[in-house]
Amino acid sequence: MKVFNNVMEMVGNTPMVRVTNMDTGPCELYLKLELQNPGGSIKDRIAVEMVEQAEKQGKLKPGDTIIEATAGNTGLGLALVAASKGYPLKIVMPDKMSQEKVNNLRAMGAEVVQTRSDVQKGHPEYYQDMAARMAEENGYYYVNQFENPANVDAHYKTTGPEIWEQMEGNLDAFVCGVGSGGTLTGVGRYLREQKSDIDLVLADPAGSILEPLVNRNEEVEAGSWLAEGIGEDFIPTICDIKLANTAFAISDKEGMQTARKVLEKEGVMVGSSSGTLIAAALRYCQQQTEPKRVVTLACDTGNRYLSKLFNDDWMREQNLL
């Protein structure tokens, strides 16, 4: 077993586990356990890549302050990298995100600014607009995962090849969500290069604008949803949404109940975005008429949602039980 020099070297090479106790129709469904990254989520991958590329390009210099707009997990990945490399870190996040994420970020030395989650892109209090403005006014380095090509590179260079290798080149479909779009674009491009007819399936929270766009080429107004870090009210610059050939809209109730069921039946504790992905993957699998091998992601650890998703009182208040 390998001994690592620092936590950044431990990012990636996450295990794959087969779902055995849930109804997968005629298919085999596998979960890539991204929650086993050192920061507890898939976003560790992009944090390392985005910071290291910025350093190589001379955009980020010793002593600079890093700022990012995030639903929490990219912030936690950046906190690992910033701590390892000695950068001060500021995180701007919408106020609907779990208290565990806020506490975790502060414990790791990040300064957290919470802003409104009921406004959309273009509003001065929208979290991405606020982070960009703070960066400009104070000379911080704005990572901007939504427009940063290093986000896509991380998944093209690591996540995609790992999935292909673990499945021994025998894969029919990959199910993912869109938060910043890096996973769909990076993994999707890599897998399509290996197998041109692979199904790339989008899991989208009901209320997001992406599912209607993929399935019906329909532009809709964004609604609201409770699942964190997934779904959009705009198409991120780096997101190649045309890669997805089908999409499932998953209600908060279905997504969160699926996340709970995954813990109960499979022993894997996942967060709300993973619940959305796994619910869509199960639906996809159950619709098939012939056996297929399908992969989706356990994006982050459910330990970040103990006050919400795994709290009966909160679930009851939101009419999700």
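Three bridges tie S1 to strand S2 (residues 28–33), and the two run antiparallel. Strands here are DSSP runs of E with at least two residues, helices are runs of H or I with at least four residues, and both are numbered from the N terminus. Within this pairing, Met16 sits opposite Lys32 in S2. The model is a predicted one, where local features need pLDDT of at least 70 and side-chain atom pairs count only at pLDDT 80 or more, while totals for chains, interfaces and linings use all residues. Residues are numbered from 1 along each chain as its sequence is written, and side-chain values use heavy atoms, with hydrogens and water left out.

S1 and S2 belong to an open sheet of six strands, in the order S1-S2-S10-S7-S8-S9, with mixed pairing; two strands pair if DSSP finds at least two bridges between them. Strand S1 (16–18) and strand S9 (246–250) are the edges, each pairing on one side only. On average, neighbouring strands of this sheet are turned by 25° against each other, direction ignored. Angles run from 0 to 180 degrees between N-to-C directions, and axes are lines fitted to C-alpha atoms, for helices over the stretch in contact.

Next comes the other sheet. Four strands make up this open sheet, in the order S5-S4-S3-S6, and the pairing is parallel. In general, strands of a sheet pair through backbone hydrogen bonds, either parallel or antiparallel. The edges are strand S5 (111–115) and strand S6 (141–142), each of which pairs on one side only. Strand S4 (residues 89–94) runs parallel to S5 and is joined to S5 by five bridges; Ile91 has Val112 in S5 as its bridge partner. Helix H2 (residues 73–85) packs on this sheet, touching strand S3 (66–69) and S4, and its direction makes about 175° with that of S4. Contact here means heavy atoms within 4.5 Å. Helix H3 (residues 99–107) also packs on the sheet, but touches S4 and S5, with a direction at about 150° to that of S5.

H2 has a helix partner too. The axes of H1 and H2 come within 8 Å and cross at roughly 50°, so the two helices are oblique to each other. For such labels, angles under 35 degrees count as roughly parallel, over 145 as roughly antiparallel, 65 to 115 as roughly perpendicular, and the rest as oblique. On the H1 side, the contact includes Ile46, Val48, Met50 and Val51, which meet a set of H2 residues including Leu78, Leu80 and Val81. The residues of this H1 and H2 contact divide into eight nonpolar, three polar and five charged. Ala, Val, Leu, Ile, Met, Phe, Trp, Tyr, Cys and Pro count as nonpolar, Asp, Glu, Lys and Arg as charged, and the others, Gly among them, as polar.

Helix H1 (residues 43–56) also meets helix H5 (residues 149–166): their axes come within 8 Å and cross at roughly 130°. H1 and H5 are therefore oblique to each other, and H1 passes H5 in a right-handed crossing. Arg45, Ile46, Glu49, Met50 and Gln53 in H1 make this contact, with H5 residues including Asp153, His155 and Lys157.

Key: A crossing is left-handed if the near helix is turned anticlockwise from the far one by less than a right angle, and right-handed if clockwise.
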